[in-house]
Amino acid sequence: FENGWDQYRKRAGIGTYTLAAMIAITPRVGALSMLAIRGPSPEAEDAYVHSLNHSVTLLRRLLQQLDAVAATLPNRDLDTGYKVVPGSYPLTDQTYAQLLARITRDPAGVVPAGLERDVLAYYADPTAPISTRKHAKEWERVQRELVVLKKMATRAEPV
């Protein structure tokens, strides 16, 4: 509960209740004796929660290490493997436009400095043949979002 796992709980549907009723009325003989459901012991439940919390802590630590490694990776288009160049691949242009829209959705938010630097560098060349320019409304939206991005606060380290 303290770690926010409650958000993943869902209400049971009619299929769940039907299956539970079938299990409840089935006789526990032979191979069906496995249907005698018993919950975990308190010790097993505590061990599970401890294991889950340990896994989350370890994953956070590994992701922080990955951040350090990711800072040294070159910016490559994962579809083609080539260096990211504005206008060289329409899907990259669309992805940058969508990323910019997501980043600027909350103008009061804080953006990692590296991400801001990368997006601004992508749109820095006014003569680049970016496919988004072919759609006037979309290009206007990108230009407005770039202004918002420049005004947003940045942070040095990604969280």
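Predicted model: local features only at pLDDT ≥ 70, side-chain atom pairs only at ≥ 80, totals over all residues.

Trainee: Which residues of α3 and α4 meet?
Mentor: From α3 come Thr 92, Asp 93, Tyr 96, Leu 99, Leu 100 and Ile 103, and they meet Leu 115, Asp 118, Val 119 and Tyr 122 of α4. By class, this contact of α3 with α4 has 7 nonpolar, 1 polar and 2 charged residues.

Trainee: What makes α3 and α5 oblique to each other?
Mentor: Helix α5 (residues 136–151) packs with α3 at an angle of about 45°, and their axes lie 9 Å apart. Only angles under 35 degrees count as roughly parallel, and roughly perpendicular begins at 65. The value of about 45° lies between these limits, and α3 and α5 are therefore oblique. Their crossing, too, is left-handed.

Trainee: Which residues form the contact of α3 with α5?
Mentor: Ala 97, Leu 100, Ala 101 and Ile 103 in α3 meet Glu 138, Arg 141, Val 142, Glu 145, Leu 146 and Leu 149 in α5. The class count here is 7 nonpolar, no polar and 3 charged residues.

Trainee: How do α4 and α5 pack, and what is the hand of their crossing?
Mentor: The angle between α4 and α5 is about 145°, with their axes 11 Å apart, and the crossing is left-handed. Glu 116, Val 119 and Leu 120 of α4 make the contact with Leu 146, Leu 149 and Lys 150 of α5. Of these residues, 4 are nonpolar, none is polar and 2 are charged.

Trainee: Which residues lie closest to the centre of the second largest pocket?
Mentor: This pocket has a volume of about 360 Å³. Among its 16 lining residues, Asn 75, Arg 76, Val 84, Thr 95 and Tyr 96 are the closest to the centre.

Trainee: How do you know which helix gives the most to that lining?
Mentor: α3 and α4 each supply at least two residues of the lining, and α3 gives the most, with 5 residues. By class, the lining divides into 8 nonpolar, 4 polar and 4 charged residues.

Notes:
Residues numbered from 1 in each chain as written. Heavy atoms only, no water. Contact = heavy atoms within 4.5 Å. Helix = DSSP H or I, 4+ residues; strand = E, 2+ residues; numbered from the N terminus. Nonpolar A, V, L, I, M, F, W, Y, C, P; charged D, E, K, R; others polar. Axes fitted to C-alpha atoms, helices over the stretch in contact; angles between N-to-C directions. Parallel < 35°, antiparallel > 145°, perpendicular 65-115°, else oblique. Left-handed = near helix turned anticlockwise from the far one by under 90°. 1 Å grid on protein atoms, 1.4 Å probe; cavity = no way out; pocket = protein on both sides within 12 Å on 5 of 7 lines; lining within 4 Å. Points joined across faces, edges and corners; volume = space filled by probe spheres on them.
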